[in-house]
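Here are a few notes to read alongside the model.

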Amino acid sequence: MLVDTPDDRAAAVEAAARAISRGQLVVLPTDTVYGVAADAFDPDAVERLLTAKGRGRAMPPPVLIGDAGTVDALTVDLPYYARTLIDACWPGPLTLVARQQESLRWDLGETRGTVAVRMPDHDLALEVLRRTGPLAVSSANTTGKPAAVTAEQAEEMLGPKVRVTLDDGPTPGETPSTILDVTTARPRLLRAGVLDLERLDEILAAHDTTVLVEG
């Protein structure tokens, strides 16, 4: 669905929310690349997402949220430095891997008690997220291929496995979000991305720490 006018936008958000509520997959733009989304609390939908990408349970999808405060409903023991990062970088291209709430009734795969959470800096994505609640979202591509930066690329790779595709034009590029592990006293880099280490270390200076880069 091409999103050109306010009416288009309203119809697109409604169609996406309806598909998600039915356990179907949706492609939506973000501030990094296009993503393929499913209801994070619907195990069958998450399984369909992994199957569409050709990915196993050993690679669970991140969860996107529409409001920074939702992080407290999904995680526990979030360190102070992580909250500083959230205040400075959300919405934006930073994914935090934190300890998940034990009471959550979901199955994202082999998470080992953690969840990767991000609030994207994209108005259309946020509109959808505020209608649906947290979504399991992975890059809209099949495993081993470049991430889609247009709706057309996503459709070519995922095709009929997706119920609704929201087309809001090209995303900024193929570079994904930066991923940090915040389950320990010092944040650890899991994946380099849009946010560079220099910027992250500037933010973390308030806590007299820096990002741990292994290898």
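1. Which elements do the buried residues of α4 pack against? Please keep in mind that this is a predicted model. The partners are α3 (71-74), β5 (94-100), β9 (178-181) and α7 (197-204).

2. Now for the helix itself. α4 spans residues 80-89, and its buried residues are Tyr81, Ala82, Leu85, Ile86 and Cys89. They lie on the same side of α4 because the arc they cover around the axis is only 145 degrees. Turn to the face pointing away from that buried side and you will find the exposed residues Tyr80 and Asp87.

3. Next, the largest pocket. It holds about 930 Å³ of space. Its lining counts 41 residues, and those closest to the centre are Pro60, Pro62, Ala116, Ile179 and Arg191.

4. Which strand gives the most to this lining? That is β6, with 4 residues. At least two residues each come from β5, β6 (114-118), β7 (135-139), β9 and β10 (188-191).

5. Finally, a look at glutamate 47, which sits in helix α2 (residues 43-53). Is this residue buried, exposed or partly exposed? Glutamate 47 counts as partly exposed because its relative accessibility is 38%, between the cut-offs of 20% and 50%. Glutamate 47 also lies 8.4 Å from glycine 109, C-alpha to C-alpha, although the two are 62 residues apart in sequence.

Notes: Residues numbered from 1 in each chain as written. Predicted model: local features only at pLDDT ≥ 70, side-chain atom pairs only at ≥ 80, totals over all residues. Heavy atoms only, no water. Buried < 20%, exposed > 50% of the residue type's maximum accessible area, 1.4 Å probe, protein only. Arc of directions from axis to C-beta. Contact = heavy atoms within 4.5 Å. 1 Å grid on protein atoms, 1.4 Å probe; cavity = no way out; pocket = protein on both sides within 12 Å on 5 of 7 lines; lining within 4 Å. Points joined across faces, edges and corners; volume = space filled by probe spheres on them.
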